[in-house]
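Dear colleague,

I am passing on the structure that we talked about, with notes on what turned up in it. Please keep it open beside this email while you read.

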Amino acid sequence: MPLLGGVRPPIAALLCALLAVAAFTAFGLGTVHEQDVPQAFRDAERRIAEDAADSVGTAIDTRAAAVRHAASDAPAGSRTPAALLRSLLPTGHPAGGGVLLDPHTGRPLATSGETVPLTGVDVPALVRSDTAKFAPRLVLSSRGEPRLLLFARVAAPAPGAKQDENNDQTGDQTGDLRADQNDEKNELLLVVSEKLAAPAVYGVGRTGQLVDRNGKVLATAATPGTAPALRTDHHDLPAAATNAATTANAGLHTGDVSGSVVGDGHDGLRGVTGWASVAAADGKGDSAGLGLTVLTLREVPPAKEGADPTWFALVAAGGLVLIAVLVTLVLWGGMQRALLRLHLSAARLARAAGQAPVSDGELARPVPFVAFGEPGRVGRALESIRRQLLGETGPEPVRPVRHRPGVRALVLVCALVIAAWGTPLLFLLNRVPAAEAVPQATVADQQARTEAAADRVRRSLGRSCTDLAAAASALSGAPRERATEVLRRAHADHPTFRSLYVVDRTGAIVLRVGKQPLRTLDHAPTGEGIAQVNTSGSIPAIAAYAQVPSTRKPKDAKGARDAAPAVVVAEIDVNALNSLVAREGLGSVWLTDDRHRVLAASVGFQAFQALPHRGLTRLVARTEAAPGSTGTPASAVLRAGAAPGEGPSVAAAAPLAQKGPIAGLGWRVVSAEPAAALKLAAFQLQARTMLAGLLALSVGIACLGWLHIVVVRPLRAVTRCAEQLAGGDRRTVLYPVHHDECGSVTRSLELLRQALVDRDRGGGRAQMATVPAPSFQRGGPPQQ
């Protein structure tokens, strides 16, 4: 019967696996070389471009939504187009200009600010479309400057309304509404022209540009420091960036929406350009069809060349090959060869014992065996059984086994030899201090991205305050039904609002939409701003508030109390803040209060807990400045990471705001990226070295454990059975379990046991009929 499994597969698998690990060590470690511009620099610049593109896209979407909301909230009545336009574009509005158009003729009915460039805009087609909202457009002004056009439908004034004589219309804009009177939809078209804001970039010496699909520069921003201007025309713009802008404009969204390229070097510096499409990955939003791309550039010094790991890789791989060969030879000689001999010898004895009559020729050959461990003990037991079959000796009592090394000790020695190679690689070799391995440019990029995250939170909270102030103005003097509708609409338009409610002068809630507030303000505040409602509990309570303007003039003290203004409060959902601070490639990010306690985070946290370790707390303390000031950003390489045992990390902290009501909160944004996650040659070499050691230990444990299960343990059981059989145990039936060497020896032992039982029965009857029972002497034939 053929042998299945057994001793050979684990030994062969161990040899092949160790040779594969050696090959990985040679090629994996030997090919790690520091590039002139590390991949970490390029990845960071791409992420910074993505942050800037997200900022631009969010600003465009916010402005477009604000124009539509203002148009929808405009009350219909007997107002002239000029008065209506002035209400839509109040003083201080960031728009460059606005115009109300007749939907039939496209003729301006009222204008404000700079001339709105309408060349190429088909007004009747826009109004006739069934689209709920119009997509913004990019056009050029009369002076060749780029402008963003935002559109919205506005309810037309009542027929017969007089034109305001004080409006700033041109002479041909008579305010005649006869065309509008015949308009079936009874709507006007509001067009707002705005300048394109430059992308927000951070970091010393970095330049950011906003370009269109043709590579034309629309806006430029530069941080303090010297940085060369980006040369971007249709031919110099990276092909991938042009493709991203084109596909975004066509509504096709592929995975190629950002990237980075390395430019030529000069004066010992290399330029790294990052680019990202402004269009959102899901293809939604008002900025999706504009075909805008953000480019960022920063010049960095070339990386220092480290030690060449090729020699180390070859030596380590050669050592593992030598270990693999030696371990294989030891296991082959000490286990495989001995087991095969036992298998053949036991099978020969079983065949000879099963013949009738017993073949003395086969039994005359001694059983060869080694003097080591369990194979030697089984061999000696077989030799004793052979002599018993020949009648040369009787059963030999089992001698107590001394504590001598056996096959289990052999396997343990092989495991220790493999561990002696893998353990230093896993824990000791190719280690470099993080402070020396991380370039200063990478630390600066972490700080720049942390500042961008803080700016993203600041802008979101600022929009909450602005929109809440607009809602408060709409609530002034409104009846309860109208006020409820205003709150419902504001709550629907702001996913960040968990609850929206109005409190009176005593702080009691008089109107609410959304969820039950976690905790209300103790008193009705004045003005508008952001407040941290609680400092303990399971969920941080953060609220934006705005005072509702009073429409009544008090005549006495009682009337003054009754006319005390109410306050509308929006409770901000902590989950929204968690999503704001989370950013790919930035690591773990926390939003902390003025006492350095966590309010929101991109990772799991407990409300108002301290930062994970003191290094981060000390880093946040460095951002604080003199009393009354907001402080400055700070960054450093820390010995500990965000989680216990994570290793060194690159951390940064930035104040949430430099001015405004949010600055008084004293909030900070803190980030920590594990240094091992950076694509730097030193950390790549360290990671691959650890991986090589881990692989060697893993395959060694797996294959030797396999060998212990399928060979060592069954062989020890076979050894006990063979010695008991040689010692005279004829009652224990031996059952083979596997079709391998140990199973073959077990089957042969069972056949030998049956032969010995038959011999004892037959030999005993013959001797009782002829001669007295012989007396047996150890080591010789029976004496007559």
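N430 lies in the loop between α10 and α11 (434-437), where helices (H or I, at least four residues) and strands (E, at least two) are DSSP runs numbered from the N terminus. The phi angle of N430 is near 60°, a positive value in a residue other than glycine, and N430 is partly exposed, with a relative accessible area of 23%. In these notes buried means under 20% relative accessible area, exposed means over 50%, and partly exposed is in between (1.4 Å probe, protein chains only). Another positive phi in a residue other than glycine belongs to H596, with a value near 65°; H596 is found in the loop between β16 (588-592) and β17 (598-601), and H596 is buried, with a relative accessible area of 15%.

Please bear in mind that this is a predicted model, in which local features need pLDDT of at least 70 and side-chain atom pairs count only at pLDDT 80 or more, while totals for chains, interfaces and linings use all residues. Residues are numbered from 1 along each chain as its sequence is written, and side-chain values use heavy atoms, with hydrogens and water left out.

As for the whole protein chain, its secondary structure comes to 18 helices and 20 strands, and of its 784 residues 48% count as buried. Among contacts (heavy atoms within 4.5 Å) between residues at least 6 apart in sequence, 66% join residues at least 24 apart.

Two packed helices are described by the angle between their axes and the distance between the axes. Helix α10 (residues 407-427) and helix α17 (residues 681-726) pack at an angle of about 175°, with their axes 8 Å apart; the axes are lines fitted to C-alpha atoms, for helices over the stretch in contact, and angles run from 0 to 180 degrees between N-to-C directions. That makes α10 roughly antiparallel to α17, given that angles under 35 degrees count as roughly parallel, over 145 as roughly antiparallel, 65 to 115 as roughly perpendicular and the rest as oblique.

Leaving aside neighbours within four places in sequence, W421 is in contact with residues including V21, L320, I323 and A692.

A search of the whole structure finds one aromatic pair, where rings of Phe, Tyr and Trp (its six-membered ring) pair if their centres lie within 6.5 Å, and planes under 30 degrees apart count as stacked, over 60 as edge-to-face and the rest as tilted. The rings of F134 and F151 have their centres 6.4 Å apart and their planes at 80°, so the pair is edge-to-face. F134 is buried, with a relative accessible area of 6%, and F151 is buried too, at 3%.

With regards
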